[in-house]
Amino acid sequence: MRDWMPRPDVMPILSPGRHRSPRRGACFMEFASYLAGERWSDHPECTHRTLALLARMVNDRTSEAGRARLTPLIPMVIGLTSVDPLLDVLLAARAASAALPIAAEERQRSLAVGLRVALKVLEDRDDVPAPELRELGKAALRAAPAADAWAERFIDEVGPGRAGMTVRQCSALVTSAVDGIARACVMDSDDHLVALLTAAVSDTARFVGADRSGPIPRGVHPVRFAGTAVDLASMS
């Protein structure tokens, strides 16, 4: 699939939300489902679940002008998928790192907690691009020292909890991050959102290219990674 990069004859006009058919418009992932030859859906199988969530969120939270800048990325997400749960954590770390330095103060705390949890999962991983995202995450925490100090105290108080990060926690962190960027008091929130999705597509392509894990049968829960888990959804 990655060797086949479809190029549409015309570029779509993207719009926010879900659409029952192309006649009513298309969001980022719906057009990806069309290019992939799948059933019309904003949850196509051709793209990793967390990357698709990020694409839907960015599509909906950018302005009309910003959304138009996303169209060249649509063919690039086709075939970008993996059964390795580490990819969910990598994408969550990417999103939180982008949002933490510019998000409103009331959101920074939950982002800092989520980012610290993600970095704990990535602590001993050398998978591409885990080392790069560890450094990016540490830099983001340094950019918000008050939130980072609060997050450290919070994690110490609640204890280690369950090991690792669930898909739900990664999704909650991505959702909070995109919303934090969209609501941030900055003049260029579209630039930040477009840059985030562009970087996430690149991260996923690099990870999938290095992914040598075998398929996980349906119904079998992926192995959790060692780390600290906190219910991020309840803190958003």
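Trainee: Why is Leu 51 called buried?

Mentor: This is a predicted model, and in it Leu 51 has a relative accessible area of 1%. Buried means under 20%, so Leu 51 is buried.

Trainee: Where is Leu 51 found, and what does Leu 51 touch, not counting residues up to four places away in sequence?

Mentor: Leu 51 is found in helix α2. Its contacts, with residues up to four places away in sequence not counted, are Val 77, Leu 80, Leu 91, Leu 197, Ala 200, Val 201 and Thr 204. As for Val 174, its C-alpha lies 9.3 Å from that of Leu 51, while 123 residues separate the two in sequence.

Trainee: What makes Thr 50 count as buried?

Mentor: Thr 50 also has its place in helix α2. Its relative accessibility is 1%, and the cut-off is under 20%, so Thr 50 counts as buried.

Trainee: How do you know that the side chain of Thr 50 makes a polar contact with the side chain of Asp 88?

Mentor: Look at the distance, which is 2.4 Å between those two side chains. A polar contact needs N or O atoms within 3.5 Å, and the pair from Thr 50 and Asp 88 qualifies. Leaving aside neighbours within four places in sequence, Thr 50 is in contact with Asp 88, Leu 91 and Val 174.

Trainee: Let's go to Thr 47. Is Thr 47 buried or exposed, and how do you know?

Mentor: Thr 47 lies in the loop between α1 (28-35) and α2 (49-61). With 4% relative accessibility set against a limit of under 20%, Thr 47 counts as buried.

Trainee: Which backbone oxygen lies 3.0 Å from a polar atom of the side chain of Thr 47?

Mentor: That is the backbone oxygen of Val 77. Val 77 is also among the residues in contact with Thr 47 once neighbours within four places are left aside, together with Met 29, Ala 52, Ile 78, Leu 80 and Thr 81.

Trainee: What makes α1 mostly covered?

Mentor: Seven of the eight residues of α1 are buried. They are Phe 28, Met 29, Glu 30, Phe 31, Ala 32, Ser 33 and Leu 35. After α1 comes Gly 37, with a positive phi near 75°.

Trainee: Which residues make the contact of α4 and α5?

Mentor: From α4 come Val 89, Ala 93, Ala 96, Ser 97 and Ala 99. From α5 come Leu 111, Leu 115, Ala 118 and Val 121. Eight residues of this contact are nonpolar, one is polar and none is charged.

Trainee: How many helices and strands does the protein chain have?

Mentor: The protein chain has nine helices and zero strands. From the N terminus on, the elements run α-α-α-α-α-α-α-α-α.

Trainee: And what share of the 236 residues in the protein chain is buried?

Mentor: Buried residues make up 53% of them. As for contacts with a separation of 6 or more, 77% join residues 24 or more positions apart.

Note on methods
Residues are numbered from 1 along each chain as its sequence is written. This is a predicted model: local features need pLDDT of at least 70, side-chain atom pairs count only at pLDDT 80 or more; totals for chains, interfaces and linings use all residues. Side-chain values use heavy atoms; hydrogens and water are left out. Helices (H or I, at least four residues) and strands (E, at least two) are DSSP runs, numbered from the N terminus. Buried means under 20% relative accessible area, exposed over 50%, partly exposed in between (1.4 Å probe, protein chains only). A polar contact is a pair of N or O atoms within 3.5 Å; within protein, one must be able to donate a hydrogen and the other to accept it, and residues adjacent in sequence count only if both atoms are side-chain atoms. Contact means heavy atoms within 4.5 Å. Ala, Val, Leu, Ile, Met, Phe, Trp, Tyr, Cys and Pro count as nonpolar, Asp, Glu, Lys and Arg as charged, and the others, Gly among them, as polar.
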